[in-house]
Amino acid sequence: MPPSRRFRYEDEAEPYGRGAASGVVTEEGDEQVDRRRARALNAATAGRAGARYIADLTGKVPEGVTLVEPIEHGWVVGVEVIEDHRIPSSGDILAIYEAEMDDTGDLLAYRRTRRYRRGTGDCVEGLPR
């Protein structure tokens, strides 16, 4: 049996696109210093983080990232997963999930936006249905 694709996402980046350090109070007063520098995500890291969130929340292995789109204060990532394995695989039921994240990679929302049979694809205007 081939290795699961999920491992590819887990090995490439730290959890959920963030550092692990938290704020620290200095000795100079009650000033709080945030040592965790909020890194701005790029499209590649946002895509990996979105795929990990969807895998963790649904328990499904991501087939691939289908959308990475910047929004006003973060990213929307579309992830394709196999909802139901069938034999033959042409009968598999696939789904597209969207994960909405803020600038630092924290998950704000997720939802399933589409469910379909493998091989049906999107209808393109001008092509027969």
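**Close-up 1. T113 in strand β6 of the predicted model.** T113 is partly exposed, its relative accessible area being 42%. The strand that holds T113, β6, runs over residues 107–117. Leaving aside residues up to four places away in sequence, T113 touches I96 and E98. The C-alpha atoms of T113 and E98 lie 6.8 Å apart, although 15 residues separate the two in sequence.

**Close-up 2. The salt bridge between R111 and E98.** The N to O distance between these side chains is 3.7 Å.

**Close-up 3. The salt bridge between E83 and R112.** The two side chains meet at 2.9 Å, N to O. This pair links distant parts of the chain, with E83 in strand β4 (residues 74–84) and R112 in strand β6, 29 residues apart. E83 counts as buried because its relative accessibility, 14%, falls under the 20% limit. R112, with a relative accessible area of 46%, is partly exposed. Through shared partners, salt bridges join E83, R112 and R115 into one network.

**Close-up 4. The salt bridge between R118 and D92.** The closest N and O atoms of R118 and D92 are 3.0 Å apart. R118 sits in the segment after β6, and D92 in the loop between β4 and β5 (93–102), so the pair ties together parts that are 26 residues apart in sequence. D92 is buried at 3% relative accessibility, whereas R118 is partly exposed at 30%. In total, the structure has 6 salt bridges.

**Close-up 5. R114 and the ring of Y116.** R114 lies over the face of Y116, at 4.1 Å from the ring centre. The structure also holds 1 aromatic pair.

**Close-up 6. Helix α2 and its two ends.** Helix α2 comprises 16 residues, 43–58. At 1.5 Å a residue the helix should span 22 Å, which agrees with the 22 Å between its end C-alpha atoms. At the start of α2, a side-chain oxygen of N42 comes to within 3.1 Å of the backbone nitrogen of A44. Buried residues of α2 are A46, G47, A49, G50, A51, R52, Y53, I54 and A55. Just after the helix, G59 adopts a positive phi of about 75 degrees.

Conventions
Residues are numbered from 1 along each chain as its sequence is written. This is a predicted model: local features need pLDDT of at least 70, side-chain atom pairs count only at pLDDT 80 or more; totals for chains, interfaces and linings use all residues. Side-chain values use heavy atoms; hydrogens and water are left out. Helices (H or I, at least four residues) and strands (E, at least two) are DSSP runs, numbered from the N terminus. Buried means under 20% relative accessible area, exposed over 50%, partly exposed in between (1.4 Å probe, protein chains only). Contact means heavy atoms within 4.5 Å. Rings of Phe, Tyr and Trp (its six-membered ring) pair if their centres lie within 6.5 Å; planes under 30 degrees apart count as stacked, over 60 as edge-to-face and the rest as tilted. A charge sits over a ring if NZ of Lys or CZ of Arg is within 6 Å of the ring centre and within 35 degrees of the ring normal. The expected span of a helix is 1.5 Å times one less than its number of residues. A polar contact is a pair of N or O atoms within 3.5 Å; within protein, one must be able to donate a hydrogen and the other to accept it, and residues adjacent in sequence count only if both atoms are side-chain atoms. A salt bridge is a side-chain nitrogen of Lys or Arg within 4 Å of a carboxyl oxygen of Asp or Glu.
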